[in-house]
Every structure is written in C-alpha cells, then in structure tokens.
Amino acid sequence: MESSRTVDSGGGRRQATRQKLYEAAVTLIAEQGFSATTVDEIAERAGVAKGTVYYNFASKSVLFEELLRHGVGLLTASLREAVDKTDEEGGSRVDALDAMIRAGLVFIGRYPSFTQLYVAELWRTNRAWQSTLMVVRQEAVAVVEDVLRDGIANGELSDEIDTPLTAAALVGMVLVAALDWLAFQPQRSLDDVHAALSLLLQGRVGGERLGNSGRSGHSGHR
C-alpha cells in the first residue's frame, strides 16, 4: 500500500520498509488469518530480517493496528481528494457523494485484501486495536457526513436525512458492493458498478428534491 507523502532519504528508507511489511502482513493475514500468521512469515514475505519487523513495530498486533491506520488513512485521503476535485469543478453535493463512491471503488479495486480485512475487523469486539479501528473508521465516515450536512444546509438534500446513519450506510454500501463485485462479478467494469451505485445514490439520497431540481446539475459517470 503506497504512501503519497514525500520524506527525506532516511525516512524514505524506513517508509519503504514499512510498506513492504504492510504488504506482506495484509497478504498473509488475508490468506490465513491474524492468529495463524507469524512475525517470521511476515518478515520472510517482506524480504527482511525478523529484527526489522520489531525495529519498526513493537509486535504483530502493533503492526496490524498501524496497517489499519495506514489503509483507512489512504481511503480517507482519496475521499477528500474526490470532494476537493468536485468543488474545484463547481459540482453539487450529490456530485461530491458520487465522486466519493467512485473513489471508494477505485481504492477497493486497488487494495482488495486490505478492504476484506478491514470489513472483517469491524465486526470483531475482542481485538486490542478496536478503539483505533473505531477512530479511523469515523475519520472516513466524517468526510461523507460533512458533504451531507453541506447539502442539507444549502437545500440540495432533504433535512430529514439522518446524517450519521446515512454516511455510514453509504460507506458500507460501497465496501460491501465492491467486495461482492470483485469476488462474484469480476467481469463487470468499474464504470458499470459505479453507474449502478450512482443510480442508487440519486434515488435514495437525492430523492424527490433532487428530481424536481433537474438532478441539481448532476452529470455523473454514465
């Protein structure tokens, strides 16, 4: 999983090592589960010494916790970038929501193993990193909440929308739909899947208000 940050040469080397460890950990844990995956296996898959793992992370649990932070951070950044680009183009709030759906699909298509792990961990309650997972999850959902609130404030969206629940539902819809797409409908293109979710967004979130306003200038990706 890549990082978009530019660092100095020393920091760059460490970041590159961490990237290798993230990639190795997410692949192995997706294949055989967290408990069955050992630090030795992670080091071997990453092509580094076992001591390098402990130099960067205090334990396997810490490595996985940081993996979750890193992955969800990349997802959150991609959602923000989608909103910013929509704003630069003068798009509506529904346009921004639609752009985030596409950004989410692109991210999941790029990192399917991470997404599978993330979704699985959301349902577990006995993990040491549960509180961290809840924090980073909320950071991603908050990006969607902000757009929904803006849409309600400017009259584009209905004020009857339950913002926290709707934001969580949209994020969940993209996660589950994308995993289903990759696992059971891989023949479908990203554009095809995005178009289907876009129609669902317009009907359920935009609703009648959006329809009466000519879809608020929404162009979509059809």
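These are my notes on how helix 7 packs against helix 5 and helix 8.

**Entry 1: the model.** I'm working from a predicted model.

**Entry 2: helix 5 against helix 7.** I looked up helix 5 (residues 93-110) and helix 7 (residues 130-153) and found that their axes come within 9 Å. The crossing angle is roughly 160 degrees. Angles over 145 degrees count as roughly antiparallel, so I put helix 5 down as roughly antiparallel to helix 7. The crossing of helix 5 past helix 7 is left-handed.

Which residues of helix 5 make the contact? I listed Arg 93, Ala 96, Leu 97 and Met 100. From helix 7 I have Val 143, Val 144, Val 147, Leu 148, Asp 150 and Gly 151. Sorting this contact by class gave me 7 nonpolar, 1 polar and 2 charged residues.

**Entry 3: helix 7 against helix 8.** Next I checked helix 8 (residues 163-184), whose axis lies 8 Å from that of helix 7. Helix 7 passes helix 8 in a right-handed crossing.

On the helix 7 side I wrote down Arg 137, Val 141, Val 144, Glu 145, Leu 148, Arg 149 and Ile 152. They meet Thr 163, Pro 164, Thr 166, Ala 167, Ala 168, Leu 170 and Val 171 of helix 8. My class count here is 9 nonpolar, 2 polar and 3 charged.

Terms used: Residues numbered from 1 in each chain as written. Predicted model: local features only at pLDDT ≥ 70, side-chain atom pairs only at ≥ 80, totals over all residues. Heavy atoms only, no water. Axes fitted to C-alpha atoms, helices over the stretch in contact; angles between N-to-C directions. Helix = DSSP H or I, 4+ residues; strand = E, 2+ residues; numbered from the N terminus. Parallel < 35°, antiparallel > 145°, perpendicular 65-115°, else oblique. Left-handed = near helix turned anticlockwise from the far one by under 90°. Contact = heavy atoms within 4.5 Å. Nonpolar A, V, L, I, M, F, W, Y, C, P; charged D, E, K, R; others polar.
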